[in-house]
Amino acid sequence: MNENLPVAIQVYGLRDLLEETPERFEEVMCSVKEMGYQGVELAGLYGLEPGEVKRILDKVGLTPISAHVPLVDMIETLEQVIRDYKEIGVQYIVVPYLPEEYRPLTDGYEFVLGKMKEIGSTLRENGITLLYHNHDFEFVTMPDGSFGFDDIYTQVPATALQAEPDTCWIKVAGQNPADYVKKYTGRCPIVHLKDFIKKGSPKNLYKLIGIETEEQTEEGGVFEFRPVGFGQQLWEPILTASLEAGAGWVIVEQDEHYDLPSLEAARRSREYLKILGW
């Protein structure tokens, strides 16, 4: 592969190193840089001031591309969110997850579509683009026969909302990640690279990302996240699709690591991508 995209990492996957010891932020970011990552996607500031986060990332040489910000924070304190992340210098702010009451086919769905239109427009006025990060629950069938995933981007204009396709959850939903990335050509500036293994019908998949309230499904089966290249995904088509779709970045995300240290998981993902020429 002769051309590629810069590779970043979602800092949420390194939270075990930062939540109790934010003073390690610079040390952890240096490790990320040494592995060959070129940028980061933030998920909280770990008790640090925005200016300190910017100072460290500038010093280390990592681009602060984007930040996952809870929807409730954007609804309730959007001005503060904008101030903080403009100071850091992110280009994108991402809706990371929709609570059950706001998802397609719920009573709160129209409300949240309206809020994303408002938030996206306000962010745009401030030089930031709003993205939406999917899971698998968006792949419910709407009354018109489309998936909820596609309905979100039909209802909210591209000027207010762009896509951050999560390739793991697209695959878990039974869809082809490469095809979905290509479908959103020109509208997915970031693609999430996430690998996994899934066998049978495991219970509450979202427990692995810190969500305890999802309905429990039938017993049996296994679902675990893996470093990129160590799970069930076929990566060459996804990476090619990301290039063809006009993405600007690919971001490695691994929510849980089990017995593997989180930095080692990050290293394995980056080394695998290097093998593919990325």
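Predicted model: local features only at pLDDT ≥ 70, side-chain atom pairs only at ≥ 80, totals over all residues.
Colleague: Which residue of S2 is the bridge partner of Ala8?

Modeller: S1 and S2 pair in the parallel sense, with 3 bridges between them. Within S2, the bridge partner of Ala8 is Gly39.

Colleague: Are the residues on the two faces of strand S2 buried or exposed?

Modeller: In a regular strand the side chains alternate between the two faces of the sheet. In strand S2 (residues 39–42), Gly39 and Glu41 lie on one side, and Val40 and Leu42 on the other. Both faces are covered, and these four residues are all buried.

Colleague: Which residue of S10 is the bridge partner of Ala8?

Modeller: S1 and S10 run parallel and are joined by 3 bridges. In strand S10 (residues 249–252), Trp249 and Ile251 on one side and Val250 and Val252 on the other are all buried. The S10 bridge partner of Ala8 is Ile251.

Colleague: What is the bridge partner of Ile190 in S10?

Modeller: Strand S7 (residues 190–193) pairs with S10 in the parallel sense over 4 bridges. For Ile190, the bridge partner in S10 is Trp249.

Colleague: Which element gives the largest share of the lining of the largest cavity?

Modeller: Rolling a probe the size of a water molecule over the atoms shows where empty space is left. The largest cavity holds about 60 Å³ of space, and its lining includes Ile9, Gln10, Val252, Gln254 and Ser262. S1 and helix H10 (262–275) are the elements that give two or more residues to this lining. The largest share, 4 residues, comes from H10.

Colleague: How many charged residues are in the lining of the largest cavity?

Modeller: The lining of the largest cavity divides by class into 5 nonpolar and 6 polar residues. The number of charged residues in that lining is therefore none, by the classes in which Asp, Glu, Lys and Arg count as charged.

Colleague: Which residues lie nearest the centre of the largest pocket?

Modeller: About 550 Å³ of space lies in the largest pocket. Helix H3 (71–76) and helix H4 (78–88) each supply at least two residues of its lining, which by class has 16 nonpolar, 7 polar and 4 charged residues. Of the 27 lining residues, those nearest the centre are His68, Val69, Pro70, Pro96 and Tyr97.

Colleague: How far apart in space are Tyr12 and Gln254, C-alpha to C-alpha?

Modeller: Tyr12 is in the loop between strand S1 (7–10) and helix H1 (25–35). In sequence, Tyr12 and Gln254 are 242 residues apart. Their C-alpha to C-alpha distance in space is 8.1 Å.

Colleague: Which charged end sits over the ring of Tyr12?

Modeller: Tyr12 counts as partly exposed, because its relative accessibility of 21% falls between the limits of 20% and 50%. At 3.8 Å from the centre of the Tyr12 ring lies the charged end of Arg15.

Colleague: Why is the pair of Phe139 and Tyr180 classed as it is?

Modeller: The structure holds 14 aromatic pairs. The ring centres of Phe139 and Tyr180 are 5.3 Å apart. Planes over 60 degrees apart count as edge-to-face. The planes of these rings stand at 85°, so the pair is edge-to-face.

Colleague: How many residues apart in sequence are the parts tied together by the pair of Phe139 and Tyr180?

Modeller: Phe139 is buried, with a relative accessible area of 11%, and Tyr180 is buried at 7%. Both belong to a cluster, linked by ring pairs, that also includes Phe147, Phe149, Tyr153 and Tyr184. Phe139 lies in the loop between strand S5 (129–133) and helix H6 (148–155), and Tyr180 in helix H8 (residues 177–183), so the pair ties together parts whose separation in sequence is 41 residues.

Colleague: What is the phi of Tyr46?

Modeller: Most residues other than glycine have a negative phi, and most peptide bonds are trans. Tyr46, in the loop between S2 and helix H2 (50–60), is buried, with a relative accessible area of 12%. Although Tyr46 is not a glycine, its phi is positive, at about 55°.

Colleague: Is Leu105 buried or exposed?

Modeller: Leu105 lies in the loop between strand S4 (92–95) and helix H5 (109–125), and its phi is positive, near 75°. The limit for this class is over 50%. At 52% relative accessibility, Leu105 counts as exposed.

Note on methods: Residues numbered from 1 in each chain as written. Heavy atoms only, no water. Phe/Tyr/Trp six-rings, centres within 6.5 Å; stacked < 30°, edge-to-face > 60°. Buried < 20%, exposed > 50% of the residue type's maximum accessible area, 1.4 Å probe, protein only. Lys NZ or Arg CZ within 6 Å of the ring centre and 35° of its normal. 1 Å grid on protein atoms, 1.4 Å probe; cavity = no way out; pocket = protein on both sides within 12 Å on 5 of 7 lines; lining within 4 Å. Points joined across faces, edges and corners; volume = space filled by probe spheres on them. Pairing = 2+ DSSP bridges.
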